[in-house]
2 protein chains.
Amino acid sequence: MRRSDVPTPALLVDIDILDRNIALMRDHAAALGLKLRPHAKAHKCVEIAQRIMAAGALGISCATVGEAEAIALGGVDGILLTAPLASSDGRERLGRLLLRGADIAVVADHPAAVADLSTLAEAAGRRLDVVVDVDVGMGRTGCLEVGDAVALARQISAAPALNYAGIQAYWGNLQQVSPFSARSRRIGIQADRVRAVIAALTSAGLAPAIVSGGGTGSHRIDAATGLFTEIQPGSYLFMDSCYGAISISENDNPFTPSLFVAATVVSVNKPGRVVVNAGWKAFATDSGKPVALRGGPPGADFRFMGDEHGALDFEGRGGPALGSPHEFLTSHREPTVDLHSPLPVVVCAECIALWR
Amino acid sequence: MRRSDVPTPALLVDIDILDRNIALMRDHAAALGLKLRPHAKAHKCVEIAQRIMAAGALGISCATVGEAEAIALGGVDGILLTAPLASSDGRERLGRLLLRGADIAVVADHPAAVADLSTLAEAAGRRLDVVVDVDVGMGRTGCLEVGDAVALARQISAAPALNYAGIQAYWGNLQQVSPFSARSRRIGIQADRVRAVIAALTSAGLAPAIVSGGGTGSHRIDAATGLFTEIQPGSYLFMDSCYGAISISENDNPFTPSLFVAATVVSVNKPGRVVVNAGWKAFATDSGKPVALRGGPPGADFRFMGDEHGALDFEGRGGPALGSPHEFLTSHREPTVDLHSPLPVVVCAECIALWR
């Protein structure tokens, strides 16, 4: 199938660009002395996880137990579940993963959750690696006080079925702070907090073997702190217009967007405007509107027109023809990916596979 | 399974409330002398379409050929595809529906599309009902000029494989104009346009048998214009916080939300805040944030905290416990439904089915 014949609206992933991004981050992490456990929450796709592992990653980070199930089924080891589990359903599914022999570690931020994990691991007859989740200013999950993190590490160490594996410190809220110098400064403040947690744990005889965190926007700064053993970036795989607009290092952004939304012109009756079959259901809307890339008139501007439609407004005459294909760069890759399945995989002008 | 045990994040549909909304709109339409072809774009669910048909609807409106495929497979007749098709993929799938004997009519807004539909119907050896889509101020799809609509109706009439079935005039942009009096006034202006199109078509010997349009927010006003033969509302089935905030008639809104997002508290380490496992991937974000309904502290306010998480901020002490269930009303039902499948169906405290 040709790229332009993929049924629309659809997400396209350009595998050449994706592989280039995978190799680039692998090389960066190696040069920075960091292990790499890239996050799967953006793609949730076994084939992509396998490509990342084949390129030499330590493992794959997952946000949900559903992602972990899919990735583990694909034969991927070194899974880290980066969000605390608290529902009985989540625990049951983790229990089944343990029974099936999945190589998975999980974070925890509460004594009750650690007790549940201990029960779970005992029932599965296995030791489970548990990582203490530390809040570093995001206010989402994680222990708030240094003392709480130490107490949790101690509780994990004391549980026969659990292995205290280290800490997680993720500043998701700082990944896109611009300019780079401001991001660097704000991460520096939170890094002091991570340093204090590590010092307190070390004093308590609980020096963390793993210090995991970081993302696409922060990985160079993370490395400079000297605190992390590994990073869990994910956005570099697909990129998007928000990430594309910021610097990843002092003054460049080496990653290229590999993910596009394909749409078709379905109405051409309005002067200075064509309507495509992609709207709120085809694009994430939490971070602004998509950017028209290929097929549109130069400078064309996208505007949401309901669940199924968007307008491309342009200056002058001679707009694109009815039925013509268009491609867009999304503003936020993760929720956009969640709206589409399967994922057509393209190389230049050809579609070569469908991934789920 | 109990309602509180449904794996989260999940969408729940309360079937008793849904059935009440279905019956209420059926009774309204009957009292107003309008036929009813409710829109499936919000639910895309065969079981719901079948319940609507069992309650006496004329048919089901669909926004995409994919929705039409699913609904036709469920044995539903009287399908109207309400958005013009322009991709080769869409035409091929419509062709297969025709060959399988689906009872489906489609809208068109361009001579090239009518020519394609004619070729398609000839190939399928069937006559295809085609409805002229008329733009009534929304600027999305539809003929812009009265003359264009008449020319298109003439072209459809002249095509042996096509049957000119009537017109569609949909003011989607006016459904939620508030207050009701302003909505009524603005629809009145566009209704003059529909009146002019009908008059021109009638003069040309092309009086439309079907005049379709309208929605949940406008159906009482649509009826008052005396122009429509049928309406295609969909939002009344599920409702949402945006629709819940407006009056559907002069001074009341008889429909009740039947759709909820269920989430679980996964972190309780912050004072005045708990974190639930539902974020940008669980809720549509195009129309504001969800409203906390059940399980939360009184007055709790939802805040997005990334792809997988949201915060519930509340005043005072004693927040909900780790692992406790919460339910939310979404701000915009359609894109939210697209993020979830299957759809757990609940009656009061019990989950009785899973719909896809």
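Q: Where in chain B is Arg37(B) placed?
A: In this predicted model, Arg37(B) sits in the loop between strand S2 (35-36) and helix H2 (46-54) of chain B.

Q: What makes Arg37(B) count as buried?
A: The cut-off for buried is under 20% relative accessible area. Arg37(B) has 8% relative accessibility, so Arg37(B) counts as buried.

Q: Which residues does Arg37(B) touch, leaving out those up to four places away in sequence?
A: Among them are Leu58(B), Gly59(B), Ile60(B), Ile210(B), Glu230(B) and Gln232(B). Gly78(B) is also one of the residues touched, and the side chain of Arg37(B) reaches the backbone oxygen of Gly78(B) at 2.8 Å.

Q: Are Asp14(B) and Arg3(B) buried or exposed?
A: Asp14(B) has a relative accessible area of 8% and is therefore buried. Arg3(B), at 13%, counts as buried too.

Q: What makes Asp5(B) and Arg2(B) partly exposed?
A: Asp5(B) has a relative accessible area of 31%, so Asp5(B) is partly exposed. Arg2(B) has 47%, so Arg2(B) is partly exposed as well. Asp5(B) and Arg2(B) form a salt bridge, with the closest N and O atoms 3.2 Å apart.

Q: How are Asp89(B) and Arg93(B) placed in helix H4 (residues 88-99) of chain B, and what separates them?
A: Asp89(B) and Arg93(B) are four residues apart in this helix, so about one helical turn separates them. They form a salt bridge, the closest N and O atoms being 3.4 Å apart. Asp89(B) has a relative accessible area of 13% and is therefore buried.

Q: How many salt bridges does a search of the whole structure find?
A: Over all chains, 31 are found. In chain A, Arg3(A), Asp14(A) and Glu327(A) are linked in a network of salt bridges.

Q: How many residues does each chain bring to the contact between chain B and chain A?
A: Chain B brings 50 residues and chain A brings 50 residues. The area buried between the chains is about 4,000 Å², and carbon and sulfur atoms give 56% of this area. Arg140(B), Asn269(B) and Lys281(B) supply 15% of the area that chain B buries against chain A, more than any other three residues.

Q: What makes Lys270(A) and Asp135(B) a salt bridge?
A: Their closest N and O atoms are 3.8 Å apart. The limit is 4 Å, so the pair passes. Across the interface the rule finds four salt bridges. There are also 15 residue pairs in polar contact across the interface, both residues being at pLDDT 80 or more.

Q: Which strand or helix gives the most to the side of chain B that touches chain A?
A: S10(B) gives the most, with seven residues. By class, this side of chain B has 20 nonpolar, 15 polar and 15 charged residues.

Q: Why is the relation between the two chains that of a two-fold axis?
A: Chain B can be laid on chain A by a turn of 180 degrees and a shift of 0.0 Å along the axis, with an RMSD of 0.0 Å. This is therefore the relation of a two-fold axis. The same surface serves both copies, since 100% of the contact residues of chain B recur in chain A.

Q: Which residues does a cis peptide bond join in chain A?
A: The bond joins Ser178(A) and Pro179(A), with omega about 0 degrees. Pro179(A) is found in the loop between strand S7 (162-169) and helix H7 (180-203) of chain A.

Notes:
Residues are numbered from 1 along each chain as its sequence is written. Chains are lettered from A and ligands numbered from 1 in the order in which they are written. This is a predicted model: local features need pLDDT of at least 70, side-chain atom pairs count only at pLDDT 80 or more; totals for chains, interfaces and linings use all residues. Side-chain values use heavy atoms; hydrogens and water are left out. Contact means heavy atoms within 4.5 Å. Buried area is the accessible area (1.4 Å probe) that two parts lose on being put together, summed over both. A salt bridge is a side-chain nitrogen of Lys or Arg within 4 Å of a carboxyl oxygen of Asp or Glu. A polar contact is a pair of N or O atoms within 3.5 Å; within protein, one must be able to donate a hydrogen and the other to accept it, and residues adjacent in sequence count only if both atoms are side-chain atoms. Helices (H or I, at least four residues) and strands (E, at least two) are DSSP runs, numbered from the N terminus. Ala, Val, Leu, Ile, Met, Phe, Trp, Tyr, Cys and Pro count as nonpolar, Asp, Glu, Lys and Arg as charged, and the others, Gly among them, as polar. Copies are superposed by least squares on the C-alpha atoms of residues with pLDDT of at least 70 in both. Buried means under 20% relative accessible area, exposed over 50%, partly exposed in between (1.4 Å probe, protein chains only).
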